[in-house]
Amino acid sequence: MSSLPDASSFADAATTDATSVTAGHPATGDGRHGPDGDASPTTWTVDSGHDDPTTGEQDLADRLALRRVRGLSTELSDVTEVEYRRLQLERVVLVGVWAGSGRQDAAAADASMAELARLAETAGSVVLDALVQRRQHPDAATYIGSGKVTELIEVVRSTGADTVICDGELTPGQLRNLEERLRVKVVDRTALILDIFAQHARSKEGKAQVELAQLNYLVPRLRGWGVALSRQRGGRVAAGAGIGSRGPGETKLEIDRRRIHRRIAQLRSELAGMRRVRDTKRSQRQARDVPAVAIAGYTNAGKSSLLNRLTDAGVLVEDALFATLDPTTRRARTADGRVYTLTDTVGFVRHLPHQLVESFRSTLEEISDADLVLHVIDGCDAQPTEQVSAVREVLADIDAASVPEVLVVNKVDDADPDTVLELRHLLPDAVFVSARTGEGIDRLREVIAARLPNPAVEVHALLPFAEGALISRVHEEGTVLDEQHVAAGTLVHARVPRGLAGRLAAYLSDGAAGSVDGVPGAVDGAAVDGAGVAEQVLPLSR
């Protein structure tokens with residue numbers, strides 16, 4: 001498949017004096033076939049006359065026609081018809097509604113369509129054409145308007161498409177009306193994203209979350225009294241079946257809806273059990289005062305690559321949308337030896353379906369419960385600020401907007417230098433890195449260390465040689481500042497979590513920080529019970 005052009009080219013194409021016109025408004029030909037009568041789609045251009053970019057006034061032909069997004073299509077090269085059928089790629093036409101009038105609105109519309117094309121390719125389809133209808137609001141009945149549906153029918157027939165994907169969430173009525181008129185499968189943006197999630201789910205929890213989101217999306221869209229969902233009838237209307245044909249009165253539609261609700265309840269119960277396991281693991285880390293850092297950001301921004309660069313996690317890295325659905329947590333250390341956890345989370349996207357946000361809430365809580373969020377931005381994206389807004393919108397939905405944030409602009413090795421310079425001006429506090437080459441990673445580690453909370457307690461302790469397990473915990477959970485082996489044992493000067501400090505209280509060395517009035521086993525005046533655990537542990541120094 002050929003790569004798609006960036007959104008900036010679409011914005012330029014949308015604002016030039018030559019305006020694209022589709023079927024029904026050709027300059028020459030019929031708008032659907034080439035000059036030689038072949039079935040390949042042809043982009044015709046007409047002079048739009050006076051096009052004022054400040055007011056958005058355009059030629060009548062442009063306002064009345066579906067605007068074909070220039071260059072937004074993918075092609076299969078060196079693939080025979082037999083190989084194509086084996087691949088079973090769906091041939092799709094993309095349709096969107098452009099509600100704005102200026103250059104910025106046109107760029108946003110084309111960027112959204114370009115993203116929709118990438119989503120369609122990720123789901124396993126080839127994009128034949130992309131059309132945008134300019135109107136203030138989507139039509140309540142057919143999304144683009146009944147007249148434009150007629151034009152869309154001609155485009156679908158001329159391109160041979162078998163699926164139409166709309167850049168928005170369709171109501172059940174819109175979906176039904178479009179399918180009845182187009183006679184091909186119609187999919188909206190929400191169903192497309194859910195399908196991608198279903199393909200990429202690997203763990204039991206991930207599959208359950210995706211299925212729950214799909215069922216919640218499907219319930220209001222069960223429809224029809226046709227052959228498959230016909231009512232149970234009796235009497236003369238039952239084609240003469242008469243007595244014995246009368247059922248309990250429950251329709252096939254109602255049966256399906258009841259089964260779906262039963263399955264939803266079962267999935268929620270299973271996810272509640274998985275959530276308890278996840279909460280237990282998280283509470284154990286919190287009890288040990290281990291700071292948590294979550295990696296969040298737009299899909300395909302390089303979050304997994306950044307996790308691998310910081311921790312050598314070895315997780316899957318793929319140049320695809322939503323390659324990571326299951327959160328991965330790894331342990332890392334700062335330069336001064338402090339331990340923290342780093343969690344890779346699912347990526348976000350514009351207009352992320354609320355069904356997914358609700359279903360993935362248990363795993364997204366890794367972000368809301370974190371001490372710091374690394375907000376990763378794709379430096380190669382045409383509209384990185386739009387990515388930031390979309391991610392922050394989802395963070396607000398999961399009550400994570402108040403978590404401290406560090407902006408990380410990734411892929412600076414591939415990004416345009418002018419774009420990077422502009423981002424440095426727009427985001428002065430951001431850290432610019434390349435997870436692939438390692439550029440800026442050391443600076444990022446410094447920023448993480450500076451922004452992490454430091455709940456450690458500084459202690460001096462003389463541990464007997466028999467307490468090897470305790471010494472090991474000091475090395476594993478704390479930061480060893482100094483260590484000496486003497487005749488009585490191991491003299492340790494370290495910063496450790498509060499819980500471990502209480503365990504060490506019985507071994508605090510005389511005359512060192514941590515002993516009070518020469519009485520070992522007291523931490524800053526806190527008494528120690530018989531089990532060697534301090535009733536109150538206060539930091540000696542920070």
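Modeller: Helices are DSSP runs of H or I with at least four residues, strands are runs of E with at least two, and both are numbered from the N terminus. Just after helix α5, Gly160 takes a positive phi of about 75 degrees. This is a predicted model, in which local features need pLDDT of at least 70 and side-chain atom pairs count only at pLDDT 80 or more, while totals for chains, interfaces and linings use all residues. Residues are numbered from 1 along each chain as its sequence is written, and side-chain values use heavy atoms, with hydrogens and water left out.

Biologist: How do you know that the span of helix α5 agrees with its number of residues?

Modeller: The expected span is 1.5 Å times one less than the number of residues. Helix α5 (residues 146-159) has 14 residues and should therefore span 20 Å; its end C-alpha atoms are 20 Å apart, which agrees.

Biologist: Which residues of α5 are buried?

Modeller: Buried means under 20% relative accessible area, with a 1.4 Å probe and protein chains only; exposed means over 50%, and partly exposed is in between. In α5, Lys148, Val149, Glu151, Leu152, Ile153, Val155, Val156, Ser158 and Thr159 are buried.

Biologist: Why is α5 called oblique to helix α6?

Modeller: The two helices, α6 being residues 172-182, pack at an angle of about 45 degrees with their axes 10 Å apart. Angles under 35 degrees count as roughly parallel, over 145 as roughly antiparallel, 65 to 115 as roughly perpendicular and the rest as oblique. The angle of about 45 degrees therefore makes α5 oblique to α6.

Biologist: Which residues meet in this pair?

Modeller: With contact meaning heavy atoms within 4.5 Å, Ser146, Val149, Thr150, Leu152 and Ile153 in α5 meet Leu178, Arg181 and Leu182 in α6. These residues divide into five nonpolar, two polar and one charged.

Biologist: What makes helix α7 roughly antiparallel to helix α8?

Modeller: Helix α7 (residues 189-200) and helix α8 (residues 204-218) pack at an angle of about 155 degrees, with their axes 9 Å apart. That angle makes α7 roughly antiparallel to α8. Thr190, Ala191, Leu194, Phe197 and Ala198 in α7 meet Val210, Ala213, Gln214 and Tyr217 in α8. The contact holds seven nonpolar residues, two polar and no charged.

Biologist: Why does Thr334 count as buried?

Modeller: Thr334 lies in the loop between β9 (328-333) and β10 (339-344). Its relative accessibility is 10%, so Thr334 counts as buried. Leaving aside residues up to four places away in sequence, Thr334 touches Tyr340, Ala449 and Leu452.

Methods: Axes fitted to C-alpha atoms, helices over the stretch in contact; angles between N-to-C directions. Nonpolar A, V, L, I, M, F, W, Y, C, P; charged D, E, K, R; others polar.
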